[in-house]
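Please look at the sequence and the structure shown below before reading on. The explanation that follows is meant to be read beside them.

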Amino acid sequence: MAQSPRDIRRRIKSVQNTAQITKAMEMVAAAKLRRVQEAVQLSKPYLEKMQEMLADIAHSARFVKHPLLAVRPVRRTGYLVITSDRGLAGAYNANVIRRALQEFRGKDKASYTIFAVGRKGRDFFSRHGYPLSGEATGLPDSPTYPSISSLAEQIVSAYGAEEFDELYMVYNEFINAVTQRTVAVKVLPLTDLSKADTARKVNFLYEPDEVTLLTALLPKYAETLVYQAVLDAKASEHGARMTAMGNASDAAGEMIDSLTLALNRARQAAITTQIAEVVGGAEALK
Amino acid sequence: MSTVPLQVVTPDRVVLDMDIQMLSLRGGGGELGILPRHTPLATTVKPGVIKVKLAEGEDFLAVSEGFLQVMPDRITLLVESAEVGSFIDMDRVSLAKERAEKRLAEHADDVQTERAKAALQRANYRTEAHELSLKHGEVIKHRIEGKENIR
């Protein structure tokens, strides 16, 4: 890479600019991550209380048949694929999409359908002609329940109408700020109510009655599970972006170091040549 | 007078967590008044205005539909949204109301009208809760602001 000192200086400048941007993006992602993590904490009581209530009811309404609980023969599978709206988050979206494609492999297009959260996933699936049934894009950095509830309701009612017979969520599970795990979890039909057997045996009065209550509660529970996954994915997104931008800043630093070295070498070479010329000229005058 | 802890929980956060003397709301089976040491009860909750009685007086919340779980020693209200009357932003409510009214006037199809009607109803409940809360001296607001460790 023999370049003139001026070219090298120009490159250093440009890398420095990039480093400044990636550094800023890293810090922004860190701040957003902290906010989402708070939101995740704040949203936990709702899910926990709901599980508690479901466990109590399921105990005394054990034989109730509800579409969300019924295991049907699977003719069509629904996938909720959660990606981000924006890129520059490392392999975040690539991981999710690859995992989703793995799930689809060998399946006929009529036998599954996709609900896409996030512009990246939506664009990918629509561009490549995958069957899309619903989408939610432009979610806020710290999603609130109303921002996802219409998609969640759509999914749950489509399941209730037997448009598909099981639902998987494909998303990046948040482990910690630097680690995310791409998972495909089965959400519907709801099965983990079996915890109900260990529930406290309290004899509740039910108004209007167990069945009505359970019928109202189950869809909300399923929607809450979707909301929780979206929040989790958002935390992962900010974490992934933070790591990616941190790596980019580090790489830029290394690049600046090696460019500076090259610059010094080039400058030294120039000086050496000049001295040699001066000395040569002086010799010639003798 | 004895009290019982009430928690109002929404998917986003815990809206209210304090000891109350009585809770009045509309349940799936009709009007309900819950006092401490109530028998275990689980019910659906209809959207509307709920009344909470504290030692200092009464206050009001606007809630969406949800669920209520009563234990002798605690009450949990699970709703999609809940707002203490004093904290309702009336500017936003009137905006929402205008929007809903406009939609009602424009649209004839069923889905849109249903939605607009629900939105209008929500706006009315929020207005009612806000006014009632102001009228009764914003008890919850004062209780919360009395504590140091509240945002």
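The paragraphs below treat chain A as a whole, then some of its loops, and then chain B.

This is a predicted model, in which local features need pLDDT of at least 70 and side-chain atom pairs count only at pLDDT 80 or more, while totals for chains, interfaces and linings use all residues. Residues are numbered from 1 along each chain as its sequence is written, chains are lettered from A and ligands numbered from 1 in the order in which they are written, and side-chain values use heavy atoms, with hydrogens and water left out.

Chain A contains 5 helices and 6 strands; helices (H or I, at least four residues) and strands (E, at least two) are DSSP runs, numbered from the N terminus. Their order along the sequence is α-β-α-β-α-β-α-β-β-β-α. The C-alpha trace of chain A spans about 115 × 40 × 30 Å along its principal axes. Of the 286 residues in chain A, 45% are buried; buried means under 20% relative accessible area, exposed over 50%, and partly exposed in between, with a 1.4 Å probe and protein chains only.

Most residues other than glycine have a negative phi, and most peptide bonds are trans. Leu88(A), however, has a positive phi near 55°. This residue, Leu88(A), sits in the loop between strand S1 (77-82) and helix H2 (92-104). Leu88(A) counts as exposed because its relative accessibility is 55%. Two peptide bonds in chain A may be considered next. The bond joining Leu188(A) and Pro189(A) is cis, with omega about -5°, and Pro189(A) belongs to the loop between strand S5 (179-188) and strand S6 (205-207). The bond from Glu207(A) to Pro208(A) is also cis, with omega near -10°, and Pro208(A) is found in the loop between S6 and helix H5 (210-285).

In chain B, residues 6-82 are 0% helix and 70% strand, and the C-alpha atoms at the two ends are 13 Å apart. Glu101(B) is part of helix H1 (residues 90-106) of chain B. Is Glu101(B) buried, exposed or partly exposed? Glu101(B) is partly exposed because its relative accessible area is 41%. Glu101(B) and Ala116(B) are 15 residues apart in sequence, and their C-alpha atoms are 7.2 Å apart in space. Glu138(B) lies in the loop between helix H2 (110-135) and helix H3 (139-146) of chain B. Although Glu138(B) is not a glycine, its phi is positive, at about 45°. Glu138(B) is buried, since its relative accessible area is 16%.
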